[in-house]
Every structure is written in structure tokens, then in C-alpha cells.
Amino acid sequence: METNDKQNSTWWGSTVNKLKSALSRTKSTLVDPIVHDQITESNVSVKTPIIVDDDYLEDLEEKLIKADIGLNNAETLVADMRKISKSQNWTSNEVEDFLKSEFTSMLAHADKSELNIQNDRLNIILIVGVNGTGKTTSIGKLAWRFKQEGKKVLIAAGDTFRAAAETQLEIWSERAQVDIVRLADGADPGAVVFQAIGKARQEKYDVLIVDTAGRLHNKANLMAELKKIRSVIDKHASDAFLEALLVIDASIGQNGLQQAKVFAEFCPLTGVILTKLDGSSKGGIVFSIARDLKLPVKLIGLGEKMEDLRDFEPKLFVEALF
Ligand SMILES: Nc1nc2c(ncn2[C@@H]2O[C@H](COP(=O)(O)OP(=O)(O)OP(=O)(O)O)[C@@H](O)[C@H]2O)c(=O)[nH]1
Ligand SMILES: [Mg+2]
């Protein structure tokens, strides 16, 4: 999507402030313990020099790992710092600039973050993930956003497993004013997807978003069912443009990576939606997803409201942490 479109639309307007406030807890675990000015007794903030010695570097590595950025990232960052400056004094501004540049290069390990939408054909967005991570909510928000952009949107209630799941999606479809394909409770999710693809083609929808049941990554039968859904798409919509997005809850930190690896075995992924960044202190996981999974985070959830799903902008994200 063009930058201009984004800047003109309502959901974009307050992104920077929204992001800053959503990331405040992550900032307090990831950045503040490393870059902090000392407050004197008279309440004046002074910048104290930081001596980059072995103790400092060891402590830094520990803090980074605790903040969920991943072992590889933490080791690289510390090694880079050691290379540049051993036993020298750094100002807190210098540490801040160094961290910003390291964080930015961590995100460069993954492909570009934009959600791919093609104008000349059907786009299918398949949403998968563990129970309760925010799949259905994110679909509602995304459908609303596409609708605001003037696209013709269809959503498929592919979670036929949990009672009330389809009703939850139906409520979102009404809010976003988009169409929905829903079969009887307990229907085969593959059949729902098949029918939705047929409708999307016949009635020339721009985007079809597919909801799926939450499943534990260690439950083989449910994962096999996901594989089936994926094969229906591959077989009956091979000319459509597909985004397969894994929803990860930012508050679970490193466990999200393990989930992602298993999901990717059953359904090749093109990116991640990282939800619940608001209120999470483990937003550092963004850096680990890029480095260790090599998957781009495409969208981020910053709250429960319709407009609280935003594009992930690596540069903006890093800026908002400082
Ligand atoms: N604060 C916050 N809450 C969120 C966000 N995204 C989703 N939620 C909440 O998370 C809860 C679960 O969301 P759902 O969308 O039902 O999750 P799901 O993955 O579809 O769940 P299952 O269908 O049971 O697997 C709801 O209460 C949502 O409002 C977010 O970005 N921030
Ligand atoms: Mg759901």
C-alpha cells in the first residue's frame, strides 16, 4: 500500500503516539534498563557516562535475553559493542544510537514487512495460530480496514470447531460491513474454504480472509486439518495471491517461536501478525521473529478496537522504543 494512502486514512493518523503508548512496557524492559539517565536528589536528570567493560557487557547480554530479543541477537549486539569500544566511556546518547542501529539491522533479517495485496486478482489471507492469540479479532480489524480502502471483502468462517466462533466472526463482519461465508457448526473447514473461494471468484471479491480454529501446535490431528485447508487453497485458487499469516501473542515471548516453527511445517507462512503488544513487556520478540524465524512481522495489534491493527513499520517501531 502506498505511503500516501496510509497517511491519509484515519487509522494511520495517530500511529506514532499509539505505538509509543502501546510499547511503553516493552520499552521499560528492553530499553530503559540499558539507557537510563540518573535522577539526582534535586530531581534533575543527568546523563552519566557508561563504562563499557566486561561487567557491563555481561550484564547487557543478560538484560537483552530477558527482554526476549533472542540469544543470537543478544550475542551479536554485545559482540558488536565489544568490537567498537572496549573499556571506553559512552554517553547514554551514544548507547541509544548504537541500540537503534542494532535493532534496525536485526529487523533486516526478514523480508519486507508490507502486506502484499494485488489489484489484478483475488487475494487470499489465511490466518492461523494457537487458541486465543487474536485471529478472529485481527480478521475483523483487517476486514474493516480493507473496506475503508474501498475493497470488496469476503471472510470465511473456517473455525467450525469451537461453538460460537462463527457467531463471533459474524459480529465482526457486521461491524466491518463485509460479507461472510458460514456453514453449519461442525462443517468441514475445507468445505467452507472451498465454497468461499467459489463465491469470491464468481462475485469478483478483492480479498478473501480465512479464519481457522485455534490449535495447539503439538496436536497432530488439528495440524493435519490445517494442512488440508491449505491444500484446498493451493488446489482451487492457485492463481490467487496468498498471504499465510501466523498470529502470535506478544505476551508469550519466546514460546511464540516454537509455535511458529511447527505451524510452518504444516502450512508455509509468509508473515506474522503480532497481537497484544499493548500491555506486553515482551515486544522484543519482534527482533527474534525476524532473526530466528526469518519471517516478517506484517501487522501489529495495539488494542481491542477496530482501528488497533496497524502495519508494522520497522523504522517507526524502533523509534517508538526510545
Ligand atoms: N489488548 C489486546 N487484546 C487483543 C488484541 N488482539 C486480540 N485481543 C483480544 O484477545 C482475545 C482473543 O481474541 P480472538 O480474536 O478471539 O482470538 P482467536 O485467536 O480467534 O481465538 P480462538 O478462536 O479461540 O483460537 C479477545 O478478547 C481479543 O479482544 C490486541 O492487539 N490487544
Ligand atoms: Mg477465533
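At what angle do helix α12 and helix α13 pack, and how far apart are their axes?

Guide: The model shown here is predicted, and the description that follows concerns that model. Helix α12, formed by residues 255-266, packs with helix α13, formed by residues 285-293, at an angle of about 35°. The axes of helices α12 and α13 lie 10 Å apart, and the crossing of α12 and α13 is right-handed. On the side of α12, the contact is made by G256, L257 and A260; α13 contributes I285, S288, D292 and L293. Sorted by class, the residues in this contact of α12 with α13 are 4 nonpolar, 2 polar and 1 charged.

The wider setting may now be considered. The protein chain contains 14 helices and 12 strands. Its radius of gyration is 21 Å, close to the 20 Å that the globule rule gives for 322 residues, so the chain is as compact as a globular protein of that length. Along the principal axes, the C-alpha trace spans about 65 × 40 × 35 Å. The chain is divided into domain 1, covering 22-107, and domain 2, covering 123-275. Taken over C-alpha atoms, the centres of domain 1 and domain 2 are separated by 39 Å.

There remains the ligand. Ligand 1 is surrounded by 22 residues, of which G134, T136, T137, G214 and G301 are the closest. Helix α8, residues 135-148, gives the most to this shell, with 3 residues. By class, the shell around ligand 1 comprises 12 polar, 7 charged and 3 nonpolar residues.

Note on methods
Residues numbered from 1 in each chain as written. Chains lettered and ligands numbered in written order. Predicted model: local features only at pLDDT ≥ 70, side-chain atom pairs only at ≥ 80, totals over all residues. Near = placed C-beta within 6 Å. Helix = DSSP H or I, 4+ residues; strand = E, 2+ residues; numbered from the N terminus. Nonpolar A, V, L, I, M, F, W, Y, C, P; charged D, E, K, R; others polar. Axes fitted to C-alpha atoms, helices over the stretch in contact; angles between N-to-C directions. Left-handed = near helix turned anticlockwise from the far one by under 90°. Contact = placed C-beta atoms within 7 Å. Domains from an automatic or database assignment. Rg over C-alpha atoms; globule rule 2.2 N^0.38 Å.
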